[in-house]
Amino acid sequence: MSFGARVTHTYQRNRRFMHEVVPIRLDYEKQLHTTAKFDSIAFTNQALYASLRDQFVPSAQYTFTHTNPASRDRKRRVTLSIKEGGNLTSLVYRMAGKPFTQRDKSLFGVPFAQYIRLTAEYTQQLRLGQTHTFLAGRIFGGVIRSFGNATTAPYADLFTVGGANSIRAFGVRSIGPGSYHPANSNYSYIDQMGDLRLEASLEYRFPLVSSLYGAMFVDAGNVWLLKPDENRPGGSIDLSRIGREIALGTGFGLRYELQFLV
């Protein structure tokens with residue numbers, strides 16, 4: 001069973017700057033029933049169990065987006081976001097006398113998550129000469145840090161790599177963390193998430209017919225854990241081997257240039 005509610009305020013004074021503030025967001029999740037298969041998977045992976053267990057997530061978020069003036073020759077966008085979960089709730093508990101470092105404090109009968117999540121994304125599109133050919137690039141970075149009342153952030157807020165909006169040559173959630181390779185099974189993708197995500201892509205676009213473009217691309221990236229996990233060896237971040245753990249994917253696709261989006 002899950003329940004969610006949030007209040008959002010978006011402020012955009014002009015076309016270049018946009019601010020989105022979510023002063024309060026509530027997510028409540030409770031497992032009404034589990035199968036023996038689920039219990040066996042969760043039992044062998046405590047990090048997965050901690051991220052999927054019953055929990056209450058009170059959070060707040062701020063997102064800043066900057067785009068350059070409308071220009072078909074040079075489009076640019078920067079998006080920065082920060083999200084905190086459970087910190088104000090933990091502060092209230094601290095004022096009531098419970099230590100900040102005490103774990104598994106509960107709210108509405110379930111423990112509440114406590115973490116900070118930061119993401120940054122930069123995209124750029126350049127026209128090549130006077131033609132309708134473009135070079136587009138994207139860089140993304142994100143990190144999430146759990147502390148205080150919880151050791152692991154909610155599953156939905158963890159990072160994954162692979163799929164149509166990520167490294168396109170790989171399936172959804174099929175990379176990482178780090179050099180970890182799960183045993184082949186129908187559930188191997190479940191624990192392929194991490195606390196740190198780095199990703200980049202470069203795409204060469206050329207016109208085919210009208211607004212239909214061809215696209216040759218190369219994507220690179222991975223996710224990592226901030227702390228070692230014995231159930232996922234090789235999954236933690238290590239700067240000495242990070243270059244060898246970057247997954248690469250190349251390919252060709254079609255892109256339709258929309259002039260507007262509803």
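Q: Where does Asn68 lie?
A: Asn68 sits in the loop between strand 3 (55-67) and strand 4 (74-85). Strands are DSSP runs of E with at least two residues, helices are runs of H or I with at least four, and both are numbered from the N terminus. The model is predicted: local features need pLDDT of at least 70, side-chain atom pairs count only at pLDDT 80 or more, and totals for chains, interfaces and linings use all residues. Residues are numbered from 1 along each chain as its sequence is written, and side-chain values use heavy atoms, with hydrogens and water left out.

Q: Why is Asn68 called buried?
A: Buried means under 20% relative accessible area, exposed means over 50%, and partly exposed is in between (1.4 Å probe, protein chains only). Asn68 has 14% relative accessibility, so Asn68 counts as buried.

Q: Which residues is Asn68 in contact with, leaving aside its neighbours within four places in sequence?
A: They are Arg74, Lys75 and Arg76. Contact means heavy atoms within 4.5 Å. The side chain of Asn68 also reaches the backbone nitrogen of Arg76, at 2.9 Å.

Q: How many helices and strands does the protein have?
A: There are 3 helices and 11 strands. From the N terminus on, the order is β-β-α-α-β-β-α-β-β-β-β-β-β-β. Of the 262 residues, 42% count as buried.

Q: Why does Tyr28 count as buried?
A: Tyr28 has 16% relative accessibility, so Tyr28 counts as buried. Tyr28 is found in strand 2 (residues 17-29). Tyr28 and Phe3 are 25 residues apart in sequence, yet their C-alpha atoms are 5.0 Å apart in space.

Q: What puts the buried residues of helix 3 on the same side?
A: The buried residues of helix 3 (residues 87-95) are Asn87, Thr89, Ser90 and Tyr93. They cover an arc of only 155° around the axis, so they lie on the same side of helix 3. That arc is taken from the directions from the helix axis to the C-beta atoms. The face turned away from the buried side carries the exposed residues Leu88, Val92 and Met95.

Q: What makes the pair Asp157 and Lys83 a salt bridge?
A: A salt bridge is a side-chain nitrogen of Lys or Arg within 4 Å of a carboxyl oxygen of Asp or Glu. The side chains of Asp157 and Lys83 meet at 3.2 Å, N to O. The pair links distant parts of the chain: Asp157 is in the loop between strand 8 and strand 9, Lys83 is in strand 4, and they are 74 residues apart. Both Asp157 and Lys83 are buried. By this rule, the count comes to 12 salt bridges.

Q: Which residue forms a salt bridge with Glu121?
A: The partner is Arg138, with the closest N and O atoms 2.7 Å apart. Arg138 has a relative accessible area of 18%, so Arg138 is buried.

Q: Why is Asp238 called partly exposed?
A: Asp238 has 28% relative accessibility, so Asp238 counts as partly exposed. Asp238 forms a salt bridge with Arg241, the closest N and O atoms being 3.1 Å apart. Arg241, at 17% relative accessibility, counts as buried.

Q: What is the phi of Arg173?
A: Arg173 has a positive phi of about 55°, although it is not a glycine. Most residues other than glycine have a negative phi. Arg173 counts as partly exposed, because its relative accessibility is 23%.

Q: Which residues does a cis peptide bond join?
A: The bond joins Gly176 and Pro177, with omega about 0°. Most peptide bonds are trans. Pro177 has its place in the loop between strand 8 (134-146) and strand 9 (196-209).

How values were computed:
Polar contact = N/O pair within 3.5 Å; in protein donor to acceptor, adjacent residues only side chain to side chain.
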